[in-house]
2 protein chains.
Amino acid sequence: MGREKSSGKSGDEIGVSLPTEFDDAVMWAAWLYYADQLTQSEIAKQLNVSRATIVNYLQEARERGIVSVVINPKAGGRTSVARALMSKYGLSGVFVIPNGTDESLSQRLGDAGARVLADQIEDGDVIGVAWGRTVLAVADQIALTRPVSNLTVVQVSGSSTGEPEFSPELCTSLLSNRIHARCVNLLAPAVLSTRELKAALLAEPVLKKQMHLVHSSNRILFGVGDLGPRSTVRVSGIASQEEIDDYVARGAVAVIIGRFLDAHGAAVGGDHDDRMVGITLNELRQVPSRICVAGGSSKLPAIVATLEAGYATHFVTDIATGEALLAL
Amino acid sequence: MGREKSSGKSGDEIGVSLPTEFDDAVMWAAWLYYADQLTQSEIAKQLNVSRATIVNYLQEARERGIVSVVINPKAGGRTSVARALMSKYGLSGVFVIPNGTDESLSQRLGDAGARVLADQIEDGDVIGVAWGRTVLAVADQIALTRPVSNLTVVQVSGSSTGEPEFSPELCTSLLSNRIHARCVNLLAPAVLSTRELKAALLAEPVLKKQMHLVHSSNRILFGVGDLGPRSTVRVSGIASQEEIDDYVARGAVAVIIGRFLDAHGAAVGGDHDDRMVGITLNELRQVPSRICVAGGSSKLPAIVATLEAGYATHFVTDIATGEALLAL
DNA sequence: CATGTGTATTGACAAATGACAATTACGGTT
DNA sequence: AACCGTAATTGTCATTTGTCAATACACATG
């Protein structure tokens with residue numbers, strides 16, 4: 001009576017033991033609850049267990065992805081702010097989330113970004129991934145609601161030696177893991193000490209192959225960094241404080257995927273820029289679907305620069321930032 | 001204060017008025033509840049309405065498909081019964097739903113079938129649709145959780161003049177409507193009085209075109225009918241009681257898409273069969289993905305016949321029927 | 001200007017739910 | 001056979017949620 005153990009060695013399982021064995025009980029509880037709309041008590045009666053057990057089963061079902069709640073991304077793009085942003089910046093998709101606490105902003109944006117990305121993903125996609133707190137939040141919360149096969153996730157900029165908390169490698173591998181994709185980490189530092197060394201490294205067959213994959217991404221996910229004193233770039237280790245100050249002196253207000261932008265989104269190049277390994281801004285523009293996730297008042301000028309120059313095709317933000325962008 | 005009216009003629013909407021305008025409030029309530037996991041009271045506070053209103057918003061969000069609960073069809077296929085059925089009948093997918101009341105069986109099967117179909121649907125699909133109570137239940141409950149474009153739904157058998165409650169036309173048009181697909185109704189009766197007339201009709205350019213589309217379906221959805229006294233075929237009007245009795249006398253135990261099968265799934269042909277307009281059993285086998293939805297003890301022999309002969313690639317049933325099939 | 005009609009909203013109550021500590025069952029080990 | 005540690009299960013209670021009749025509101029009509 002009740003739920004059979006998941007040990008799998010009981011007599012009625014003939015032959016091969018399958019890898020991901022679902023407990024029938026969990027699946028059924030989920031079905032009866034979410035599809036048939038029975039109450040937990042009714043299900044408990046039917047399965048001969050206590051209601052509390054059903055609560056646990058349902059939790060498990062949600063955690064294991066047997067059931068998931070999908071919020072139609074089309075609907076998110078139909079709020080008034082989202083539509084205004086779409087027309088103002090010529091974006092093909094915008095998702096705006098409601099207000100919440102400031103501390104949880106990147107978490108909440110990550111959730112939204114994850115849903116937007118998950119919705120777009122198709123068989124055979126090659127998904128480029130940048131890095132940063134927000135990108136990591138997306139990677140951390142993404143979950144596919146339908147089976148997709150043959151995905152590749154590729155790191156689009158070299159690996160940094162600094163802050164490992166939201167490194168390119170971590171963002172890439174976490175995301176690929178969550179969506180069961182092939183993972184390609186760029187086997188190169190983000191910045192090299194000379195252009196010559198960079199050129200030599202990129203000439204290596206391994207890297208040539210990897211960079212080729214970077215350039216063939218059909219989607220890319222990135223955040224926007226500002227250049228304030230506590231900003232992500234300043235702790236990321238991709239450039240020294242002096243180098244960053246130099247970029248600022250030359251008009252930079254934003255960073256995307258390691259590249260610096262001025263107030264109108266034009267590239268701010270230079271020696272340091274030339275020594276960086278990763279997708280360039282012009283290459284970025286070649287990617288058909290470019291999802292930018294960013295929000296927060298401190299990033300406003302940086303976001304404006306990014307959007308104005310058309311680096312994104314899809315934009316995920318919060319309502320406060322969205323309204324501020326429209327007010328400008 | 002509160003929710004703005006959806007009249008759409010207020011001043012802040014410049015230019016074109018978009019067709020499906022979502023109320024921001026509904027969208028936000030949905031987001032805050034399902035994504036941010038706030039309680040209804042918290043959301044009510046934030047949006048300055050009563051909690052009861054939030055309940056209504058959330059209901060509306062579910063009804064309008066802004067949020068939907070998806071049950072991973074892969075998981076449904078991993079219950080022990082589903083896997084046993086897959087191997088016994090060589091099916092590539094099986095979904096088994098738990099027990100419930102007998103009256104609601106076709107509703108519940110319809111829900112499951114709808115989810116299985118919705119999960120499979122891809123851009124550009126041509127979906128053949130048979131008819132019957134179960135097929136109608138699928139059509140009635142299907143909802144896409146992601147945007148899919150360029151779908152065609154095509155009626156795979158002629159239109160009957162009998163029972164209009166679950167006619168081929170209704171099944172087809174309802175389904176196509178639900179998934180925003182192009183709808184192709186076969187402009188011909190299900191049965192003609194002579195073979196010659198049928199041949200003449202099928203020679204018509206319009207029908208030639210339509211039949212060509214039928215044959216190019218890449219998915220097909222059908223139910224299974226038995227031949228008992230109260231069965232669907234007997235009220236459908238596709239054949240007279242005498243004709244049906246004749247089929248039975250010649251060994252028929254099942255009907256799928258208007259075609260009669262013997263106990264092992266072999267076609268039971270004859271004059272009446274020759275006069276029918278619609279996909280044939282051999283043509284059916286050419287369709288890559290064939291979803292069969294059926295359950296109930298009275299249909300057991302009919303289902304066995306259908307599955308044994310390999311007419312289905314995917315099968316949706318209830319646990320009672322599933323276990324009975326395994327016990328045979 | 002009163003009146004009707006349909007829809008959106010609310011408050012109050014009953015039901016359903018989630019959290020958690022206590023309890024029980026189980027597999028492996030002396 | 002007794003023991004132990006882990007994991008599943010349960011009872012209880014505070015919180016959250018759904019329902020429903022009553023009310024407010026906008027808009028059209030006589």
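Predicted model: local features only at pLDDT ≥ 70, side-chain atom pairs only at ≥ 80, totals over all residues.
1. Local features need pLDDT of at least 70 and side-chain atom pairs count only at pLDDT 80 or more, while totals for chains, interfaces and linings use all residues. Side-chain values use heavy atoms, without hydrogens and water, and residues are numbered from 1 along each chain.

2. Thr53(B) also reaches a phosphate oxygen of DNA strand C, with a polar side-chain atom at 2.5 Å. For Arg51(A), a polar side-chain atom lies 2.6 Å from a base oxygen of DNA strand C.

3. There are 12 residues around DNA strand C, where near means a heavy atom within 4 Å. Among those that come nearest are Tyr33(A), Gln40(A) and Ser50(B). Sugar and phosphate make up 61% of the atoms of DNA strand C that come within 4 Å of the protein.

4. α3(B) contributes the most to this surface, with 4 residues; helices here are DSSP runs (H or I, at least four residues) and strands likewise (E, at least two).

5. In chain B, 7 strands form an open parallel sheet in the order β2-β10-β9-β6-β3-β4-β5; strands pair if DSSP finds at least two bridges between them. β2 (93-97) and β5 (182-184) of chain B are at the edges with a single partner strand each, so one side of each has no neighbour in the sheet.

6. β2(B) pairs with β10 (residues 314-318) of chain B over 5 bridges in the parallel sense. Val96(B) is opposite Thr317(B) in β10(B).

How values were computed: Chains lettered and ligands numbered in written order. Polar contact = N/O pair within 3.5 Å; in protein donor to acceptor, adjacent residues only side chain to side chain.
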